[in-house]
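Hi,

Here is the structure I said I would pass on to you.

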Amino acid sequence: MVRGAALGAVVGGRSRHEDLSHIRRPPASEIARLAVAALPAILLPFVIRAAVVEGVATATEVSTIGIAYSTIMGLLVYRQFDWARLKPMLIETASLTGAIIFIVGCATAMAWGLTQSGFSRALALWMADIPGGGYGFLAISIVAFIILGSVLEGIPAIVLFGPLLFPIARDAGVHEVHYAMVVIFAMGIGLFAPPFGVGYYGACAISKVSPDEGLKHIWGYVAALLVGLIVVAAIPWISTGFLPY
């Protein structure tokens, strides 16, 4: 919610410079009708969550369930594309997957190199010596995980650095849940931060936008996410205030 508000501020600021006179406010009856029509699509996140929580599929496998559900809805309910388009769509998906897997493979190879070199342990020891107590450790963790998130794939980075840094965070007086939120948010920023962000290039490949073209538009959103992250890091209650213990 904090970072959503920050992104909303960016969108609101940019919309002030757009001509919105041609946009009308739809009546409540039209909104209700469209909400009913959109209900099958809106249910998709709940289907995905139920499949993971109930143990039907892992977080990776559930993507296949989501694709199958979306395809069935598109073909039988919304009828936005016909069966003849399935083959070219599958071919394009396979080629796009190859490009993204190549990017992820390079990131995984870098993670292996960092493991073999002992970099992860050296970085953890260096971060433990940063002055400033818990907030100093959080500050350097934000910088470190933004950089790591931009050059590594998320899971290898967490596997490499999580077991080393979470005990240090606990010793510095940082709650484990609070630190987890900071780490995940920082890696999320790094994932889409040019010029190395793996997710940034994946998103550009999916949307068929040149990475060079996207550079001039993304920095405002990155800055908003960074401000939201700083707020979350500075106020532990946002992460831990609703815990049952």
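**Two helices packed together**

This is a predicted model, and I started with a pair of helices. Helix α7 (residues 133–151) packs with helix α9 (residues 176–191) at an angle of about 40°, and their axes are 7 Å apart. In case you wonder about those two values, a packed pair of helices is described by the angle between the axes and the distance between them. The crossing of α7 past α9 is right-handed.

Which residues meet there? From α7 come F137, L138, S141, I142, F145, I146, G149 and S150. On the α9 side you'll find H178, Y179, V182, V183, A186, M187, I189, G190 and L191. Sorted by class, the contact of α7 with α9 has twelve nonpolar residues, five polar ones and no charged ones.

Is S239 buried or exposed? Its relative accessibility is 13%, and buried means under 20%, so S239 counts as buried. Apart from its neighbours within four places in sequence, S239 is in contact with V177, H178, M181 and V232. H178 is also one of the α9 residues that meet α7.

**A lysine in a loop**

Last stop: K208, in the loop between α10 (198–207) and α11 (211–234). K208 isn't a glycine, yet it has a positive phi of about 60°. With a relative accessible area of 62%, K208 is over the 50% cut-off and therefore exposed.

Note on methods:
Residues numbered from 1 in each chain as written. Predicted model: local features only at pLDDT ≥ 70, side-chain atom pairs only at ≥ 80, totals over all residues. Heavy atoms only, no water. Helix = DSSP H or I, 4+ residues; strand = E, 2+ residues; numbered from the N terminus. Buried < 20%, exposed > 50% of the residue type's maximum accessible area, 1.4 Å probe, protein only. Contact = heavy atoms within 4.5 Å. Axes fitted to C-alpha atoms, helices over the stretch in contact; angles between N-to-C directions. Left-handed = near helix turned anticlockwise from the far one by under 90°. Nonpolar A, V, L, I, M, F, W, Y, C, P; charged D, E, K, R; others polar.
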